[in-house]
Amino acid sequence: QANAPAQQPSTLPVRPGLEGFEPYGAPQLALPVLLNVNENPHPPSNAVVADIAAAVAEAAHGLNRYPDREFLDLRRDLADYLHVESGIDVLPPEQIWAANGSNEVMLHLLQAFGGPGRTVLSFAPTYSMYPEYARDTLTGWVAGRREDDFTLDVDHALAQLAEHRPAVVLLASPNNPTGTALPLATIEAIADAAATSGPPGPDGGPTASVVVVDEAYAEFRRTGTPSALTLLDRYPHLAVSRTMSKAFGLAGARVGYLAADRAVVDVLRVVRLPYHLSAVTQAVARAALRHRGALMSQVATLRDERDALVEWLRGQGLTVADSDANFVLFGPFDNRDAVWQGLVERGVLIRVVGPPGWLRVSIGTGEEMAAFRTALQEVLGL
Ligand code: PMP
């Protein structure tokens, strides 16, 4: 195995806390049906590819120079997209931030607001990278709980804020791996309490907890679930992150972004590496944003496919978490690894993730979902 960790004891001065960790990531297997990392199954069309290629060619003429460090044009384009997608006013570029995937946006947030002696609070089960951002920024990690149906109990959340005084609260909505979207009222209640629930300030006075709503899957939400973006003008300590990796179908380009008060963004600008967004990345993202209609044309189909899958799985007698995302968590299985392996043997890759007994499947094309259904019926003997 090319990437197997070295077996020899090392004399390297590895930082305490990193011992025994493996690099994060789902198995990458070359199977015909890939439903394991919540990608959009539809590649960009030839027209979109041609425009992206032309934009990259133009950027290539200037690659002897460092890129635009502040990427204001991209930030303007992202603000325009959020205005159209979520119905909020067009935010000034100073209220938008972007990085190499929303993973890097989150890392910037914890670099800016976390750190030794501070705590980040989230509610499990949730995205398994969150504790890794905490580890990498030497921030304490606290996971409150979700209910059996993966919703969030507001009283529990507020009690956790009061107990831990977190510098950052991470709320994924829709949540990965469960697909659960948070009602706006829940986010409001947490944001209200968070105004004074942060760690003690330099003078001992109250500070806010920064509330981060991770909306990586927001475009897949069922109609009637408004985005937390609509709350931004009421909460200076709220940040809403998004990504081009999912609905936008651009996971390979690595572009994530957030919207927040300008003061939040200004601290992120302090911790980012200089020129962190390459000229190529900026060109690709801007070209793709011009084609947002085409790139996202399948979102409605994917939603329908998801709802049909939830119904079908329930029809098979399985338990399925309500999903507002492009994936579905289902179970329970006494031996989920065996189910996963059985699917792999039939050419279908899904993900072993979530509480014991559950599996997660991403929504693919109609054909891919048919292949998944057939394989699952065979594996379970249905
Ligand atoms: N947040 C959540 C909840 C996710 O599931 C993911 C991707 N799996 C991300 C953030 C990061 O996505 P990206 O870095 O590709 O933007």
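How many nonpolar, polar and charged residues does the shell around the ligand have? The shell has 4 nonpolar, 8 polar and 1 charged residues, where Ala, Val, Leu, Ile, Met, Phe, Trp, Tyr, Cys and Pro count as nonpolar, Asp, Glu, Lys and Arg as charged, and the others, Gly among them, as polar.

The structure is a predicted model, in which local features need pLDDT of at least 70, side-chain atom pairs count only at pLDDT 80 or more, and totals for chains, interfaces and linings use all residues. Residues are numbered from 1 along each chain as its sequence is written. The mean pLDDT (the predictor's confidence in each residue, from 0 to 100) of the protein chain is 95, and 98% of its residues reach 70 or more. For the complex, the predictor gives an ipTM of 0.99 and a pTM of 0.96.

Of the 13 residues around the ligand, those that come nearest are Gly101, Ser102, Asn103, Thr243 and Ser245; a residue is near a molecule or strand if its C-beta atom, placed from the backbone, lies within 6 Å of it. Helix H3 (residues 101-113) gives the largest share of this shell, 3 residues. Helices (H or I, at least four residues) and strands (E, at least two) are DSSP runs, numbered from the N terminus.

The protein chain is divided into domain 1 (33-44 + 297-380) and domain 2 (49-295), with bounds from an automatic or database domain assignment. Their centres, taken over C-alpha atoms, are separated by 26 Å. In total, 22 residues of domain 1 are in contact with 25 residues of domain 2; contact requires that the C-beta atoms of two residues, placed from the backbone, lie within 7 Å. On the side of domain 1 that touches domain 2, helix H10 (299-315) and strand S10 (327-331) each supply at least two residues. By class, this side has 10 nonpolar, 7 polar and 5 charged residues.

S10 also belongs to an open sheet of 3 strands, in the order S9-S10-S12 with antiparallel pairing; two strands pair if DSSP finds at least two bridges between them. The edge strands are S9 (319-320) and S12 (359-362). S9 and S10 pair over 2 bridges, and Val320 stands opposite Phe330 in S10.

Another open sheet has 7 strands in the order S2-S8-S7-S6-S5-S3-S4, with mixed pairing. Its edge strands are S2 (96-99) and S4 (140-145). S3 (residues 119-124) and S4 run parallel, joined by 6 bridges, and Ser122 stands opposite Ala143 in S4.
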